[in-house]
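This briefing covers one protein model, grouped by topic.

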Amino acid sequence: MKILIILFATIFSLSACTKKTDLDTFSFLDESDIFGGNKFAVILDKYVTSVDIPSEQGITVSQLRCGEIFPIQETRILTTSQREFWVKINDGWVLSSSLQLYKTFEKAKTASERLQQSD
């Protein structure tokens, strides 16, 4: 009986020493997780301006055309008066509302071809 009590006390004390998860160890999702791990962007609008910083006040870097496919370089979420989702492609930033995002190049290519056929 003493052995059983000692065994129970040992197990109980060891379980009390395990690391507890608290607010200090909590981490938010990476922004790339929010974008679903997508790796390619297809331009949806006829013409889209990419800018040097993720902001409406950015300086124009380039003009992109409907159906063009670009690898996603980076993503950002900005909160001003509302939440804005920005995607960095072709060394410039574009609002995600002007893009369709895909996980594979093949899916992006299929979407691009359909967009170009509908023009």
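Strand E5 (residues 74-79) pairs with E6 in the antiparallel sense over six bridges, where strands are DSSP runs (E, at least two residues) numbered from the N terminus, as are helices (H or I, at least four residues), and pairing requires that DSSP finds at least two bridges between two strands. The two strands, E5 and E6, form a hairpin with three residues between them. This is a predicted model, in which local features need pLDDT of at least 70 and side-chain atom pairs count only at pLDDT 80 or more, while totals for chains, interfaces and linings use all residues. Residues are numbered from 1 along each chain as its sequence is written, and side-chain values use heavy atoms, with hydrogens and water left out.

- Leu78 stands opposite Glu84 in E6.
- Trp86 is found in E6, and it counts as buried at 3% relative accessibility; buried means under 20% relative accessible area, exposed over 50%, and partly exposed in between (1.4 Å probe, protein chains only).
- The C-alpha atoms of Trp86 and Arg76 are separated by 5.1 Å, with the two residues ten apart along the chain.
- The structure holds one salt bridge, defined as a side-chain nitrogen of Lys or Arg within 4 Å of a carboxyl oxygen of Asp or Glu.
- Glu74 and Arg76 meet through their side chains in a salt bridge, at 3.1 Å from N to O.
- Glu74 is partly exposed, with a relative accessible area of 30%, and Arg76 is partly exposed as well, with 32%.

- Most residues other than glycine have a negative phi.
- Asn90 has a positive phi of about 55° although it is not a glycine.
- Asn90 lies in the loop between strand E6 (83-89) and strand E7 (92-95), and counts as partly exposed because its relative accessibility is 35%.
- Asp91 lies in the loop between E6 and E7, and its phi is near 60°, again positive in a residue other than glycine.
- Asp91 is exposed, with a relative accessible area of 53%.

**Sheet E4-E1-E8**

- Strands of a sheet pair through backbone hydrogen bonds, either parallel or antiparallel.
- Three strands form an open sheet in the order E4-E1-E8, with antiparallel pairing.
- The edge strands are strand E4 (69-71) and E8, each of which pairs on one side only.
- Neighbouring strands of this sheet are turned by 30° against each other on average, direction ignored; axes are lines fitted to C-alpha atoms, for helices over the stretch in contact, and angles run from 0 to 180 degrees between N-to-C directions.
- H3 packs on the sheet and touches E1, E4 and E8, its direction making about 5° with that of E1; contact means heavy atoms within 4.5 Å.
- E1 and E8 pair in the antiparallel sense over four bridges, and the bridge partner of Val42 in E8 is Gln100.

**Aromatic pair**

- A search of the whole structure finds one aromatic pair; rings of Phe, Tyr and Trp (its six-membered ring) pair if their centres lie within 6.5 Å, and planes under 30 degrees apart count as stacked, over 60 as edge-to-face and the rest as tilted.
- The rings of Phe40 and Phe105 have centres 5.7 Å apart and planes at 70°, so the pair is edge-to-face.
- This pair links distant parts of the chain, with Phe40 in strand E1 and Phe105 in helix H3 (residues 105-118), 65 residues apart.
- Phe105 counts as partly exposed at 40% relative accessibility.

**Nonpolar core**

- The largest nonpolar core has eleven residues: Ala41, Ile43, Val48, Leu64, Phe70, Ile72, Val87, Ile89, Val94, Leu99 and Leu101; such a core is a set of buried Ala, Val, Leu, Ile, Met, Phe, Trp, Tyr and Cys residues joined through side-chain atoms within 4.5 Å.
- Strand E1 (40-43), E6 and strand E8 (99-102) each supply at least two residues of this core.
- Leaving out residues up to four places away in sequence, Leu99 touches Ala41, Val42, Ile43, Leu44, Val87, Ile89 and Val94.

**Whole chain**

- The protein chain has three helices and eight strands, and from the N terminus on its elements run α-α-β-β-β-β-β-β-β-β-α.
- Buried residues make up 27% of the 119 residues in the protein chain.
- Among contacts in the protein chain between residues at least 6 apart in sequence, 58% join residues at least 24 apart.
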